[in-house]
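Here is a short tour of how two chains meet, followed by a few local details. Keep the viewer open as you read.

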Amino acid sequence: MGLASASTATDGMQLCIFDLRRGQNEGQELDKILFFFPADLPFSTQLSVIGLSEGLITFTRIFSPEAACEIIEAERHSHVFYEAETDIWMVMVVEKGKDSDAIWRIDALRKVLKEVHSLFVMFYGSIRAMLEKDPSGGLIRSHLYPFIMDYLSDFPVGKKLQLPSFRDCLKERGTVQMLTMGREAAIEVQSLVSVLDSCAGNSSCYSMILFHDLLVSTTLSPDDTINLFTYAVLRLSPNALSSGVNSWSYIRRGSTSSHFVSGSALTHSGPVSEQIYHSSDTSPVGNNINRVTRALQHGKWYKGKDGFLVTDIWGVDVGSLVCATPTVWLQQTEEAMYLCPYQFKSLTLILLIPVSSILNGEQGVALVKQQLLENASLKILKVEEKLSKGWGGENAYHVSGYRYLLVDGDRNISRASPPGKVTTLAKESLLALSKLRDEVDLEKSRAKRDNAGCEKDLEVSIRAKNNAWAIARITGGKELYMVLEKASETLLYASDAVEKFSNRYCNGAFSLD
Amino acid sequence: MSGKASSSSQPSIGLSGSGALSHIYIQYPPLRCSIPESRGLHYDDGTKLLIPSTSNQIFSWKTVPFNPLATSTSDSIPEGPILSIRFSLDTKLIAIQRSSSEIQFWIRETSEAFSHRCRSDSENILGFFWTDCPLCDFVVVKNSGLDLFAYDSVAKSLDLVEMRKLNVCWYVYTHESRLVLLASGMQCRTFTGFQLSSAGIVRLPKFDMAMAKPEANSKPVLAAEDVYIVTVYGRIYCLQVDRVAMLLHSYRFYRDAVVQQGSLPIYSRKIAVSVVDNVLLVHQIDAKVVILYDIFADSRAPISAPLPLQSRGFPRSYSSSSRSSGKDGECSEVNNKIDHEGIIYGDNWTFIVPDLICDAIAASSSETPSVLEFLQRRKLEAIKAKQLCLGIARTVILERRPVSMVSKAIDVLVSSYSLSLKTGSYFKGIKTESTSSGVAKTSVARSSTDVSTSRIDGTSIRHESTAGVDSEYPSRASTFSASESEENASSAPLRTDSRDLQLGGGKVDRVNLTGAHSSGPTDNPVFVNISEQQDSELTSPAISPDEMYKFVFAAVEEEMVGDPSYLVSIIVEFLCSTNMEKIKVHPNLYVLAIQLLARNERYAELESFVTNKILEPSKEVALQLLESGRQNIQTRKLGLEMLRQLSLHHDYVSLLVQDGRYNEALRYARKYQVTTVRPALFLQAACSSNNSQHLAAVLRFFSDFIPDFRTTSDFTTYYGILNEMNTSVAATSF
């Protein structure tokens, strides 16, 4: 059990995090490894992966000091690079073409790396800061390992990790999906928001409101919004809560999920991981290893009687048996905040209270919660009612005849055809679009490098083997990707269809012509 | 005897007030009437005349409109005792009670007199009054019942129309309510009521008033001084003092029922009750304070803390009018002269339903929304109420009161405005506002003794009272002002007689209950007709969104320091209210919201405000977005986007060019045929890109797009530049 079984199921996906500033002396190379998956690979193998990456980074930096290596495309593997923090690199190695689904869109993989890192930072602060706190690396390793394993446990399908592949080309990780609502509802929401933000008296709280898995409102900065939104959808939304309950029962997520989780930090076995992770036992913080909070642990959130979601992940106060309130770090203000999610039917409210504003810990938080219930209950009820009334269901944003992805890069917002509808597309169509997106990604990053600030307009329509049209349009920071399987006649027809779509659903943003 | 009858009231709503520790003020100077050898002072609430008398002369002062310098008219009458005096409603006749069995009538025009006597010696006249009931003109209340008479002006006599037999101990009547309550029984607590309205005579069901017993076997007797008829918001109530229980019971009259409404505590052995602008004032005489109640709201809580009555103006001398029986016991209303000016609630004060106006001082009340609600129902001085409301709204925002509270306050204002829109009163209000300086003055100057007579009979038509008053008091026509009509219209919808209807035809959405038979007491209040919205029709304190912006938000914004997000929340609450009532908001408010959000650098939220159309698109909004977008490119994009969506092609194209996106601008210009943007701008932009191909393309575009472009100077200039560019390119390449 444990990682041994898991690693065989990962199809050779490797994921490592290393620090270029560490282990520069002969014999101390292991020091630079902060995380490696699968953990039971021999050190020699781990070091060779990291060594290759490091070499390439060093080499490419000669030509491009700002943006070093992004990817290595080898015959059988792709190495995706992401510099999470200065000199702290994340590299993901995926095997190509072993089976038919192993066709990746590199940018999507990089977004996975980015996401897990951002989430980590939200809960624990930066990797660098933790390394500075404990130069031995034990602290960061003991945090990274369970965290990333918990994160990866969301990917498995059946017995293997299902990383974003070409089939996910109509999705955009690292964006937020918004609920569209009427003016009246929007005003109600805004009124609720002002109540939420003033819940803790003078200190300013932040809030985020979700309806189902869609964002309704946020007062956080865009980056913080993405992180918290991602976390909420993963663990807090009504969907996540109900699936979380089941995740231990192996029903929804398959048995592997539990393998990943149970195989993580707490029970890691084998000499290899022992050496890395237990080496920290000698460090001052080593004793904490079993008390590392697993922020992404599955099935640990549940709804309390008062409507607030609680979890014992952050520990339980022995005296009062009250669960400790989680805290998160805001990127923008670098402030620690208490995380208080509240749920009413499909509405999830997340209140962030500055830790510095609460003097008496849990008691103070309880007081603010009380305030929230007193001041906002009625409004919450009203907002939920309004939103439910206007809610078009899971397929609300389906546009028949179109399979689309709309990304507003400025606002980090995306909207796409519902997944159930995307699966009806032929594999060829998806492959074509995935390929097209790869090209567009490249073009975008090139344009960004060439002249920052100036936006590029782009329009590409290609015809796939199955006569479907794969279309990409970029204008004014907005991106539209589309697969039209039934518009096979002519390019004119396809372009007309895009025009119509643009006029009806994008306020004509893509019909400048 | 020198009588100085008082007069009181009024207000001045300014928050600055004199010492300001009072809600109720008596107007100074009072009306002084100094008559040598005056024997008695009477007040006739039907005609609102103050009547001092000597043994053979009657003086009368008009108290409405109140003028401290008013002069009296006098009538010489046959000498004799005067127990009580009432002028007929057209003031042509004077009825003088000479004894407990005789009333003398004096015809002023001809100086003739005739008398009316009781038929049997056992009958005693308790009182009498003139009425505008179509069946009769004159009513005599005797211990054996009511006699209703019609006046025959030809024969100069009274004809008995109807008799209502019953035992009467004493009675109370006010002209305002047209209601006479007859007390009977051992304890005088069983009442029979008649309303002698223009719609006819309505007999109310008999009812008993509650009286606590001090001890097992004693039965206290209810006195006439302890029963008050008050008219509030067109509803008629009776208030009864229970001296044992120390409670003031209230009863509301319906056509077929009398319903006890609850009780107010009293804190004084002696109290008096009056109504000013629909606010109930309970004078706790021993304690020398007034407590204000707004019995429209169901709460039994006072509007504000009890505070003493004060006089406005020169505070040391004035007097008050008094109600009731005094020494002679028989006459119903007498004004006692007050010798000691400056003493508030002097021993010899009694109250004559004085018309004081109250000055609700916002600061003394903690419940802002209810204060606003209260103020929005004011109509006596709508302008002042309105200014007060605006002031309160500003204050609560500046004081950063809790959003929920401010929100409630705003709700009150917005729904009141919406209501006034529906009834059309808002616009009328505007009209009268133009004459407002006059309004303030004249309406302020009302006498305390002006018992506004409101006959509430369900058939009020705007202006009719004006007509009625005019025909009754031709002399007043000249002094008649906008405010007068407001007042009368609101507080006294008299007359439904056809002759009075000339000016009718205001609003018709009133509750017309006359003649309608009610099924239950509660859903069909008989006496009520004028709903408040009608009352507010002529002057409305309602505040429009534009005014809210101008006098509240914009004003507050200038003074506000610190975090503007509070004001944003308030604006959102305001939008919430206006959206609920479907009222349009001025784009300037949106502009303000954008400025505030941008100042806070809450650009992400600003975006959601715009995309969710919380801030409705308009050119003003778009331009502000562009302006605020100088600091934030996303916001600028929103502004551009809005221009495009509003089809403001010219602005959109100009801005694109300004941003150097001239290619896009050209495409757009071609698509929407925008020809108003000068080609030179495009050419300039293309030229500064230093790209000869682009410049050539733009030149080409205009040559195709605009006929005759080749002949313009622009073409020549830039064609020259293009050639230069090309030759220099050619030169360098060779």
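Is the crossing of H6(A) and H10(B) left-handed or right-handed? The crossing is left-handed, a term for a near helix turned anticlockwise from the far one by less than a right angle (right-handed if clockwise).

This is a predicted model, in which local features need pLDDT of at least 70 and side-chain atom pairs count only at pLDDT 80 or more, while totals for chains, interfaces and linings use all residues. Residues are numbered from 1 along each chain as its sequence is written, chains are lettered from A and ligands numbered from 1 in the order in which they are written, and side-chain values use heavy atoms, with hydrogens and water left out.

**The helix pair**

Helices (H or I, at least four residues) and strands (E, at least two) are DSSP runs, numbered from the N terminus.

**The wider interface**

In total, 27 residues of chain A are in contact with 29 of chain B. Chains A and B bury about 2,500 Å² between them, 46% of it on carbon and sulfur atoms; this is the accessible area (1.4 Å probe) that two parts lose on being put together, summed over both.

Six salt bridges are counted between chain A and chain B, each a side-chain nitrogen of Lys or Arg within 4 Å of a carboxyl oxygen of Asp or Glu. Over all chains, the whole structure has 52 salt bridges. Two examples follow.

| Salt bridge | N to O distance |
|---|---|
| B:Glu616 and A:Arg183 | 3.7 Å |
| A:Lys300 and A:Asp312 | 3.6 Å |

A:Lys300 sits in the loop between H10 (271-278) and E10 (301-303) of chain A, and A:Asp312 in the loop between E11 (309-311) and E12 (327-329), so the pair ties together parts 12 residues apart in sequence.

**Backbone details**

What is the peptide bond from A:Phe37 to A:Pro38, cis or trans? That bond is cis, with omega near 0°, and A:Pro38 lies in the loop between E2 (33-37) and H2 (43-61) of chain A. In chain B, B:Lys613 has phi near 60°, a positive value in a residue other than glycine; B:Lys613 is in the loop between H12 (603-611) and H13 (619-628).

Key: Contact means heavy atoms within 4.5 Å.
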